Amino acid sequence: MISFQLNGEDVSVDIPADTPLLWVIRDYFKLKGSKFGCGKGLCGACSMHLDGDSVRTCIHPVSAVSGKSVKTIEGLGSADNLHPLQQAWIDNNAPQCGYCQSGQLMSASALLAKNLSPSEEEIDNAMKGHICRCGTYPRIKKAITETAKALNSTASRPVGYYLPTENNVQEDKGESP
Ligand code: FES
Ligand code: FES
């Protein structure tokens with residue numbers, strides 16, 4: 001039995017330890033937002049957060065997440081409560097076919113959770129290896145840049161958004177709209 005947190009809830013699965021996490025999330029938990037692309041860790045379509053870091057789950061055995069926290073695109077935001085990046089994706093018409101976009105959003109959100117003022121190079125590094133056959137790269141980069149700027153302004157920061165500090169992250173207790 002392998003136990004971990006999935007989108008904030010404690011879960012357990014009785015499944016072969018070498019099963020890739022992506023299979024477990026899609027086929028066992030029926031969360032289909034994360035996609036299978038290459039199966040070799042090369043395209044980023046399957047990316048999720050593991051203890052806050054963006055990882056390629058097609059090459060990550062489920063045994064490696066025991067006792068850890070996994071977040072999928074389904075846990076990033078909801079239709080009623082979009083993550084700021086999801087709103088920026090909409091505002092910038094970032095997706096085209098959409099296949100790569102959940103993975104792109106997971107890496108972008110992992111970046112901004114740790115660094116709210118990323119340089120162009122830091123954005124490129126965080127997003128490198130995410131393949132988009134539709135070529136949406138410029139719109140994705142613009143959405144990330146705009147979101148970082150907006151979140152640096154208290155006035156446009158959502159309630160409870162976690163601001164990076166030098167050592168870790170800290171909940172924003174400031175005023176929100
Ligand atoms: S499907 Fe996992 S990196 Fe391509
Ligand atoms: S939006 Fe089509 S592959 Fe990226």
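Author: Start with the crossing of helix 3 and helix 6, which is right-handed. Bear in mind that the model is predicted. Two packed helices are described by the angle between their axes and the distance between the axes. Here the axes of helix 3 and helix 6 come within 9 Å. They cross at roughly 130°. An angle over 145 degrees would count as roughly antiparallel, and 65 to 115 as roughly perpendicular. Helix 3 and helix 6 are therefore oblique to each other.

Now the residues. Helix 3 brings Pro84, Leu85, Ala88 and Trp89 to the contact. Helix 6 answers with Ala143, Ile144, Glu146, Thr147, Ala150 and Leu151. By class, the contact has 8 nonpolar residues, 1 polar and 1 charged. The spacing follows a general rule. An α-helix has 3.6 residues a turn, so residues three or four places apart point the same way.

Next, burial. Helix 3 covers residues 84-91. Its buried residues are Pro84, Leu85, Gln86, Ala88 and Trp89. What covers them? The cover includes helix 2 (73-76), helix 4 (101-114) and helix 6 (137-151). After helix 3 comes asparagine 93. Its phi is positive, near 50°.

Strand 1 (residues 2-6) and strand 2 run antiparallel, joined by 5 bridges. Serine 3 stands opposite serine 12 in strand 2. The hairpin has 2 residues between its strands. In this hairpin asparagine 7 takes a positive phi near 50°. Strand 2 spans residues 9-13. Of its 5 residues, the number buried is 0, so strand 2 lies largely in the open.

Finally, the whole protein. The secondary structure comes to 6 helices and 7 strands. From the N terminus on, the order of elements is β-β-α-β-β-β-α-α-α-α-α-β-β. Of the 177 residues, 34% count as buried. Take contacts between residues at least 6 apart in sequence. Of these, 58% join residues at least 24 apart.

Notes:
Residues numbered from 1 in each chain as written. Chains lettered and ligands numbered in written order. Predicted model: local features only at pLDDT ≥ 70, side-chain atom pairs only at ≥ 80, totals over all residues. Buried ≥ 20, exposed ≤ 12 C-beta atoms within 10 Å, placed from the backbone. Helix = DSSP H or I, 4+ residues; strand = E, 2+ residues; numbered from the N terminus. Pairing = 2+ DSSP bridges. Contact = placed C-beta atoms within 7 Å. Axes fitted to C-alpha atoms, helices over the stretch in contact; angles between N-to-C directions. Parallel < 35°, antiparallel > 145°, perpendicular 65-115°, else oblique. Left-handed = near helix turned anticlockwise from the far one by under 90°. Nonpolar A, V, L, I, M, F, W, Y, C, P; charged D, E, K, R; others polar.
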